[in-house]
Amino acid sequence: MGRRKPGFRKNHYFSHQRKGKSPPPQNDDRKPYNDIVRENEKFVEYYKTQNVCDPEEFDDFISTMKKDLPSTFRITGSKGVAKKMLSLVERELITECIQNATPGKPTNMFPLPWYPDKLAWQLELTRKDIRSVEAYYKLHNFLISETEHGTISRQETVSMIPPLVLDVQPHHKILDMCAAPGSKTAQLLELLHSSGDPIPSGYVIANDVDNKRCYMLVHQAKRLNSPCVAVINHDSALLPNIFESLPDGSTQQVQLDRILCDVPCSGDGTMRKNPDIWMKWTPANALNLHGRATELLAQGGRIVYSTCSINPIENEAVIHRMLAKANGSLELVDVSGSLPGLKFKPGMDNWLVSSRNLEFYKNFEEVDEKWRTTIRPQMFPPDSETRAKFNLNRWILPHQQNTGAFFVAVLRKVGPFTSKEKRNETDNVGPEKPSSKGDFDERLPQNQRKRRRKDVYREDPYVFFKEGEEVWSDIKSFYDISEKFDEQCLLTRCHEGKKKNIYLTSAGIRDLVITNQSTIKFINTGVKAFVRCDNKNMKCAFRVANDGLESIYPYIGNCRKVSIPIDDLITLLTNNTPQNSPAIASLSENVQQQVKDLGPGSCILIYTEKSDDDQNDMQIHISGWRGTSSLRCYTTQHSTVHLLRLLGGDISKYDVNKFKPLEENPEATTSNEGHNQAPDLNGA
């Protein structure tokens, strides 16, 4: 949706091929991971001196760090769908892998004991295992396919912890400060929607400083199809104040309920999946964190600070600095009982600070003059009274549960932090005046008011519907949409011309975008709700998109809804291209009666499967199309495969199995051609 600025040169590196010139030289000293020697004497000496674990555990800690990291994944989706997916994983795929394990090498696959409802699994598989055992290969293909659909999230074990201890509720306003590539953002959205409300009142703001990584973040967020997320592009240390509107037309600064600070760091806790760090690591890799999160947080709100570093300079020293700067407005929270089954180590209350040459110092007074520009006083441990609180921090070390290394601290804001907050609390200051574009500098932190970044991309505008929007009356009438639905939460990405795609946001996100477009760089927001599908025989020019169907489903009238039995649904999914759409006459009498008086155009197909406990029934909603004499599903290939799996249908034509002879292996369909074309109303 972004347009490149004039002068941008695409594929500049490959331009020599068109001109017949030699390629430019590259300085690439990277090695294949198999060739990397996982040894670093400074690393071993540094952490042995720091006492990161008990002396008798240190050899186990180092040996585990040298091993490859196991694979892990989470099952996502509504409770009914997640329950069915768990059954597929546990009773079929995992069981088959265990039964067909390599002789002498038992399969180690299990649900993470601390993750709720057994929805996260760990697999100790190598690439060689996947290539050599058919059951492993089948599981591998399943994970790839379901990840593309959005029902599986492949995420490192320790990376799942911060969103869980953040204690997200559906009404919370949440900021993910360093969000890319987006696995934690996706997890936050799942937690936000955990109550089953398709459009909760809360929202997630996902921010990253890297413009290109923001688009990776968009891809992750779009798999969740949530109208309650906005992706923005800022340096989190210099993030502008965020405003919201009030009923009287004035604005006030947004007070966030939850903030996740999974900050950039040296990353030495990820050596198991990034072995090249063994060659690069030095004690000088530690970084510092800003206190911007505390300024944006509401009183009573919660911050989770996390890193994939083992270095106390990046962990406890940062927490010490935050607490000292907060001057009583922040306190550490004990979350040790929130994830039963998770093994951890209390945070360090004493550590040494080292120079690049591994010269260790207990306090700043001992530091050699030549190191005083890189070693600062705030890096050292606090006084003994403050140290006692540091056991509330949490370390997850690799040898404890075969994971990466991770640090997590949870803080609660218990009082005003800035002088403005303190002034407002004592003076009972009312809402701020409505702002204009000329007030741009007043919204920014003091240290950013003279710093305007040069944007890499120029985004298309966010144009929200106004009351009496021209195309809305046809859509509302055709789908019998309830008066409770707020059409002003719909938007397009163009001011003029035909509206091709119509997106939906929550009311909170709409207000956020409208109020802050002049100061916040929004990369993406909104879930696709309606897609233009012109045909002269259609009463409505827009069909329902599967992306936003769950969000708008409660507001659509029964006139365009069709309940469909499992056999008919499998038939439609197996033949879901415009050329092969099943004839209505070939479907069950039940379906024929429902669509008898249904005019041509988009419709919603509904399948319900009762559960044993009657609490987590699986209900599937699919965007369909009623042709003149045919009925079809409007699904992509990944969605088709996912749905057929849930229903027990045949997916062999989509699944290439290299373990079977070529003549027994049906050709997998890899093209989505025709899935997004306008249907032929006069077709079969």
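Helices (H or I, at least four residues) and strands (E, at least two) are DSSP runs, numbered from the N terminus. The model on the screen is a predicted one.

**Stop 1: D167**

Select D167, which is found in the loop between helix 7 (161–165) and strand 6 (173–176). Is D167 buried, exposed or partly exposed? Its relative accessible area is 34%, so D167 is partly exposed. Now show what surrounds D167. Leaving aside its neighbours within four places in sequence, D167 is in contact with H172, R258 and R302.

**Stop 2: the whole chain**

Zoom out to the protein chain, which has 22 helices and 29 strands. Of its 684 residues, 52% count as buried. Among contacts in the chain between residues at least 6 apart in sequence, 74% join residues at least 24 apart.

**Stop 3: C308**

Next, select C308. The UniProt annotation "active site", from an unreviewed entry, covers C308. Where is C308 placed? Look in the loop between strand 12 (297–307) and helix 12 (316–326). C308 counts as partly exposed because its relative accessibility is 22%, and buried means under 20%. Leaving aside neighbours within four places in sequence, the residues in contact with C308 are C265, G267, D268, G269, T270, A405 and F406.

**Stop 4: the cysteines**

Stay with the sulfur atoms. A disulfide is a covalent bond between the sulfur atoms of two cysteines. The cut-off used here is a pair of cysteine sulfur atoms within 2.5 Å. How many disulfides does this rule give? The count comes to 0 disulfides. Select C265: the nearest cysteine sulfur is that of C308, 3.5 Å away, and C265 is in no disulfide. Then select C178, which is in no disulfide either; the sulfur of C261, the nearest cysteine sulfur, is 6.7 Å away. C178 counts as buried because its relative accessibility is 15%.

**Stop 5**

Now go to an open sheet of 5 strands, in the order 20-21-22-24-25 and with antiparallel pairing. Which strands are at the edges? Strand 20 (463–464) and strand 25 (542–544) are the edge strands, and each pairs on one side only. Select helix 17 (residues 472–479), which packs on the sheet. Helix 17 touches strand 21 (490–492), strand 22, strand 24 and strand 25, and its direction makes about 45° with that of strand 25.

**Stop 6: strand 22 and its partners**

Select residues 501–504, which make up strand 22. Strand 22 is joined by 4 bridges to strand 24 (residues 527–532), and the two run antiparallel. Within strand 24, F530 is the residue that stands opposite I502. On to strand 21: 2 bridges join strand 21 to strand 22, and these strands also run antiparallel. L490 stands opposite L504 in strand 22.

Finish by showing the side chains of strand 22. Which way do they point? N501 and Y503 point one way from the strand, while I502 and L504 point the other way. All of these residues are buried.

Definitions and conventions
Residues numbered from 1 in each chain as written. Predicted model: local features only at pLDDT ≥ 70, side-chain atom pairs only at ≥ 80, totals over all residues. Heavy atoms only, no water. Pairing = 2+ DSSP bridges. Contact = heavy atoms within 4.5 Å. Axes fitted to C-alpha atoms, helices over the stretch in contact; angles between N-to-C directions. Buried < 20%, exposed > 50% of the residue type's maximum accessible area, 1.4 Å probe, protein only. UniProt positions renumbered as here; feature names shortened; annotations may be inferred.
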